[in-house]
Amino acid sequence: MINSIEIENLKKSFDDKPALDNINLKLEKGKIIALLGSDGSGKTTLIRLIAGLICCDEGKILTLNLNPEKEKNKLVKLIGYMPQKFGLYEDLTVIENLNLYAQLKDSDDDFEKLLEFTTLKPFKKRLAGKLSGGMKQKLGLACAMLGKPELLILDEPSVGVDPISRIELLNLVKKTITKDTTVIWSSSYLDEAFNFDLSIILNKGKIIFEGDTKTLGDNYEIFENKVIELMGGYQQKNSQIALNYHIQDYQEDCRVLAQNLSKRYGDFWAVKDNSFCIKKGEIFGLLGPNGAGKSTTFKMMCALIKPTSGKGYIMGIDVEKEPTKARKYLGYMAQKFSLYSRLSLYDNLEFFSGVYGLWGKDKKEKIKKMMDVFDLEQYRDTQSALLPLGYKQRLSLACALIHQPPILFLDEPTSGVDVIQRREFWTHIKALSKIGVSVLVTTHFMDEAKFCDNVSLFYNGEIIALDTPNELIRKSNAKDMQEAFIKIIKGVIRYK
């Protein structure tokens, strides 16, 4: 057996806080390896050490039989690395990014084949910054795969990617790599990991499982439950946020109302004739593939962008005419981390609570509650840009909830969040809906769609199905929401 990576007694700390503690690993060549773990468990730190981007405090690493600290120049041509945060040049086109990365890796790969594999060929002259989330991930993966790397390191490549695109990303990797290529794939999607050869599970900087994925269960549900158990388990409990949440009993029938909402950029319709009504206490899911128009709809309903036509109302208030008045009823969590990156975690909570009109004892109590509920104290003074992805999401949700709004707009709130914290997020969302909070939410985790009262399925800017999750599944003759989503989007069946 030949190993691609060998690690002995590895330790790494940041500001005297252990990130990795006595890691020992031997990863076999030619395997696809899932890297799993709770938020802040050390996954990204381990990836960066293997790639030679940071140095260890103690221990030994061999990556492809090279020391990543001392032989980085040799190693860089042998590995493909896709970071957690979109790492391409947003002001360059798709083809310009590919050209640049090919030059850096001295690669003569056939771009046309890669563009066809990634379905990016029609967009090769589009700026990377103008791509949808899924297309950005595909481009990042294409750039990482240039030069036919012996080791492909992917840090959360499918975060924020719809189910169809996630399948395409995985198929792209499997079709493009050789039998000797080793792949390390960090993921918060356990359905991806279930199909990989090996799994490594980290918790608080330590390895709690290493081995054949199927030893955790040859059935996905068994596998998921076993991973959760290894990570400390999940115990259903009451939402501490909902218990202390107070909202007025507003009389509007439709708290959130979209009437023929449309947005056009040139000849391209991002959203076309979108209409829906969200009532008191309703969880309304807006689902669809990347680039379908979901985030554009959110932005129009928040008066962040102006619609080409149509109207949006919050509590009966025209959001275009009276945006400030409408927004006071909203808690908005954007798809892209939108808090102040240079402020600490605590300073962000202080700032946003002040913006929302909280002060004095009430302000301090609400900040403390959010710190406790979302387990944020350990990162209290950490600059928010440096937070693990899952903790960025926790902070974003805390800031959206802190002023106790009657309406929540949550754009992919659980993207990049570990499986246990995802369940806790939804415990809060469901409990808030029961006390009358109206929720507009998007998600790419189809198992979360079952928590919605109604779901609007978006494709090419238009609503192609609107129903309860159970009815979507029944009318699609599907076994679950993920299968229904794929069938309806791909047009395998005609939804009625």
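Helix α1 gives the most to the lining of the largest cavity, supplying three residues. Please keep in mind that this is a predicted model. Together with α1 (43–51), strand β3 (32–37) is an element that supplies at least two residues of this lining.

Which residues line the largest cavity? They are L27, I33, L35, L46, I47, I50, I184 and I200.

Now for the pair of helices. Two packed helices are described by the angle between their axes and by the distance between the axes. Here the helices are α6 (residues 163–176) and α17 (residues 481–490), whose axes come within 9 Å and cross at roughly 90°. Because angles of 65 to 115 degrees count as roughly perpendicular, α6 is roughly perpendicular to α17. The table shows which residues each helix brings to the contact.

| Helix | Residues in the contact |
|---|---|
| α6 | P163, I164, R166 and I167 |
| α17 | Q482, F485, I486, I489 and K490 |

How do the residues of the contact of α6 with α17 divide into nonpolar, polar and charged? Six are nonpolar, one is polar and two are charged.

Definitions and conventions: Residues are numbered from 1 along each chain as its sequence is written. This is a predicted model: local features need pLDDT of at least 70, side-chain atom pairs count only at pLDDT 80 or more; totals for chains, interfaces and linings use all residues. Side-chain values use heavy atoms; hydrogens and water are left out. On a 1 Å grid over the protein atoms alone, a cavity is a set of points where a 1.4 Å probe fits but cannot get out, and a pocket is an open set with protein on both sides within 12 Å along at least five of seven lines; lining residues have an atom within 4 Å of a point. Helices (H or I, at least four residues) and strands (E, at least two) are DSSP runs, numbered from the N terminus. Axes are lines fitted to C-alpha atoms, for helices over the stretch in contact, and angles run from 0 to 180 degrees between N-to-C directions. Angles under 35 degrees count as roughly parallel, over 145 as roughly antiparallel, 65 to 115 as roughly perpendicular and the rest as oblique. Contact means heavy atoms within 4.5 Å. Ala, Val, Leu, Ile, Met, Phe, Trp, Tyr, Cys and Pro count as nonpolar, Asp, Glu, Lys and Arg as charged, and the others, Gly among them, as polar.
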